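Hi everyone, thanks for coming.

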Amino acid sequence: MSVPKDMMDVPLLHGTPLPVWKRILDFVCCAAALPIFALCTLCGAIILRTFSPSVLFFRQERVGHLGRRFSIYKFRTMHLGADTLAHQTHLSNLIRSNAPMHKLDSRGDARLIRGAWLLRAAGLDELPQIINVLRGEMSVVGPRPCLPYEYEEYTPIQRKRLSAAPGLTGLWQVSGKNRTTFEEMVYLDIKYAHTRNLWLDLKIIFLTIPALAIQVAHTRRVRRRADALPAANTARGAA
């Protein structure tokens with residue numbers, strides 16, 4: 001994907017991040033997602049009770065529209081007390097190297113609860129954020145809210161990706177996501193902020209399910225290859 005050189009000339013948006021049509025669409029989508037949310041809550045409670053007894057939900061500070069901070073809700077997919085330094089280092093490397101944005105847990109992450117990679121790859125761990133959508137802190141469609149330490153590394157140009165209300169899914173997610181670079185993600189988020197309309201939101205929502213299916217399949221392949229490497233190395237050592 002070619003990133004236009006004039007991206008830095010795009011002005012930062014101000015004003016209300018959620019037009020009336022967007023709020024109506026948000027409420028409709030949240031109502032439709034409630035049965036899935038309830039089912040995932042039940043399944044998540046069973047999984048956590050089995051592998052990592054403790055709280056089912058957790059809150060995490062994020063940076064949203066125009067740099068405003070708020071707390072998002074997620075299903076807990078990591079063991080309690082998991083170290084965040086590895087993720088912070090991984091994220092910094094992605095920003096600086098501009099390499100494809102593979103998730104840290106796609107190749108295996110000891111911090112994850114057993115089977116939690118599937119929830120994360122399918123985006124189901126983000127479902128509790130319909131609470132944030134209903135509260136008006138997020139929208140169904142928009143740039144993903146970033147972590148505070150990620151935001152601190154952004155340049156003024158990169159911070160323009162937060163010129164629209166943060167969302168559960170977005171143009172970046174349905175345009176390759178893990179196959180794109182950080183710079184391409186920034187461009188796609190800025191592009192969405194300046195071209196958003198009802199039909200674009202509907203298109204993104206429609207494309208999200210196949211995009212998630214592709215992501216699950218990709219993560220599964222990567223994890224299988226990663227699991228096969230130790231076995232192959234052991235076999236060579238034995239020979």
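Predicted model: local features only at pLDDT ≥ 70, side-chain atom pairs only at ≥ 80, totals over all residues.

Residues are numbered from 1 along each chain as its sequence is written, and side-chain values use heavy atoms, with hydrogens and water left out.

Salt bridges, then. The term here is a side-chain nitrogen of Lys or Arg within 4 Å of a carboxyl oxygen of Asp or Glu. By this rule, the count is ten.

Take Lys-74 and Asp-125, whose closest N and O atoms are 3.6 Å apart. Lys-74 sits in strand E2 (residues 69-75) and Asp-125 in the loop between helix H3 (116-121) and H4, so this pair ties together parts that are 51 residues apart in sequence. Helices (H or I, at least four residues) and strands (E, at least two) are DSSP runs, numbered from the N terminus. Are these two partners buried or exposed? Lys-74 counts as buried at 8% relative accessibility, and Asp-125 is buried at 1%. For us, buried is under 20% relative accessible area, exposed is over 50%, and partly exposed is in between (1.4 Å probe, protein chains only). The pair also belongs to a network of salt bridges that links Lys-74, Asp-125, Glu-126 and Arg-144.

Next, Arg-23 and Asp-26 form a salt bridge with closest N and O atoms 3.9 Å apart. Both lie in helix H1 (residues 20-51), three residues apart, about one turn of the helix.

That brings us to Val-133, in helix H4 (residues 130-134). What does Val-133 touch, not counting residues up to four places away in sequence? Its contacts (heavy atoms within 4.5 Å) include Arg-23, Asp-26 and Leu-168. Val-133 counts as buried, at 1% relative accessibility.

Last, the second largest pocket, with about 190 Å³ of space. A pocket is an open set of points on a 1 Å grid over the protein atoms alone, where a 1.4 Å probe fits, with protein on both sides within 12 Å along at least five of seven lines; lining residues have an atom within 4 Å of a point. Grid points are joined across faces, edges and corners, and the volume is the space filled by probe spheres set on them. Of the 14 lining residues, Gly-176, Arg-179, Ala-211, Ile-214 and Gln-215 lie nearest the centre.
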